[in-house]
Amino acid sequence: MDRFTAGQQVREALSAVVEPELGRPITELGFVSEVSIDGGRVHVRLRVPSFFQLQRFGWLILADARAALGVLPWVEAIELCFAGDGVRDRTDTGVAPPFDEPVSEHQRSHIRRMAFLDRQLRLVR
């Protein structure tokens, strides 16, 4: 498979990753700033708008991106790198994930409620 087709597949897979607060795909929000492919190795640079957002939802975006890319049959290794305003580059190669279990639907539901309440609070203010 050529790099152009592989890059399209990676971006298409990442379009299924939804930012929890805004409820929109990270590809639409411009969070995917770089995709590079070397054989079966995929490197994705995710640009998050703030350190605060990385602390709150970065782990979930990371888990969802890793899961979305993991279903591509030709992908052998995934490297995700966070970068952004006030964020030092942080690379996760999947060697030591931030959690041992997949994110449960209960956890996702809780995060969606938190994000909704946060949006409502900002609207009221």
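Biologist: Why is Ala-83 called buried?

Modeller: In this predicted model, the relative accessibility of Ala-83 is 10%. Buried means under 20%, so Ala-83 counts as buried. Ala-83 belongs to strand E5, residues 77-84.

Biologist: What makes His-43 buried or exposed?

Modeller: His-43 has 17% relative accessibility. The limit for buried is under 20%, and His-43 therefore counts as buried. This residue sits in strand E4, which covers residues 41-48.

Biologist: How do you know that the side chain of His-43 makes a polar contact, and with which side chain?

Modeller: The partner is the side chain of Glu-79, at 2.5 Å. A polar contact requires a pair of N or O atoms within 3.5 Å, one able to donate a hydrogen and the other to accept it. The pair formed by His-43 and Glu-79 is counted as such a contact.

Biologist: Why is Leu-22 called partly exposed?

Modeller: Its relative accessibility is 45%. Exposed means over 50% and buried under 20%, with partly exposed in between, so Leu-22 counts as partly exposed. Leu-22 is located in the loop between E1 and strand E2 (24-25). In sequence Leu-22 and Phe-116 are 94 residues apart, while their C-alpha atoms are 8.8 Å apart in space.

Biologist: Let us turn to the first helix. How do you know that the span of H1 is close to the expected one?

Modeller: H1 comprises residues 3-14, 12 residues in total. From its first C-alpha to its last it reaches 16 Å, and the expectation at 1.5 Å a residue is 16 Å.

Biologist: Which residues of H1 are buried, and why are they said to line one face of the helix?

Modeller: The buried residues of H1 are Ala-6, Gly-7, Val-10, Ala-13 and Leu-14. Viewed down the axis of H1, they fall within an arc of 125 degrees, so they line one face. In general, an α-helix has 3.6 residues a turn, so residues three or four places apart point the same way. Phe-4 and Glu-12 are exposed, on the face of H1 turned away from its buried side.

Biologist: What is found at the start of H1?

Modeller: There, a side-chain oxygen of Asp-2 comes to within 3.0 Å of the backbone nitrogen of Phe-4.

Biologist: Now the largest pocket: what is its volume, and which elements supply at least two residues of its lining?

Modeller: The volume is about 160 Å³. Strand E1 (18-19), helix H2 (51-70) and helix H3 (105-124) each supply at least two lining residues. H3 gives the largest share, three residues. The lining includes Glu-19, Leu-60, Asp-64, Arg-108 and Arg-112.

Biologist: What makes the lining of the largest pocket nonpolar, polar or charged?

Modeller: The lining divides into six nonpolar residues, one polar and four charged. Gly counts as polar, and Gly-23 is one of the lining residues.

Biologist: Why do Leu-60 and Arg-112 receive the labels they have for accessibility?

Modeller: Leu-60, in helix H2, has 4% relative accessibility and so counts as buried, the limit being under 20%. Arg-112, in helix H3, has 44% and therefore counts as partly exposed. Leu-60 is 8.5 Å from Glu-19, C-alpha to C-alpha, at 41 residues apart in sequence. For Arg-112 and Glu-19, 93 residues apart along the chain, the C-alpha separation is 9.9 Å.

Biologist: Finally, what does the secondary structure of the protein come to?

Modeller: There are three helices and six strands, and from the N terminus the elements run α-β-β-β-β-α-β-β-α. Of the 125 residues in the protein, 37% are buried.

Key. Residues are numbered from 1 along each chain as its sequence is written. This is a predicted model: local features need pLDDT of at least 70, side-chain atom pairs count only at pLDDT 80 or more; totals for chains, interfaces and linings use all residues. Side-chain values use heavy atoms; hydrogens and water are left out. Helices (H or I, at least four residues) and strands (E, at least two) are DSSP runs, numbered from the N terminus. The expected span of a helix is 1.5 Å times one less than its number of residues. Buried means under 20% relative accessible area, exposed over 50%, partly exposed in between (1.4 Å probe, protein chains only). The arc is that of the directions from the helix axis to the C-beta atoms. On a 1 Å grid over the protein atoms alone, a cavity is a set of points where a 1.4 Å probe fits but cannot get out, and a pocket is an open set with protein on both sides within 12 Å along at least five of seven lines; lining residues have an atom within 4 Å of a point. Grid points are joined across faces, edges and corners, and a volume is the space filled by probe spheres set on the points.
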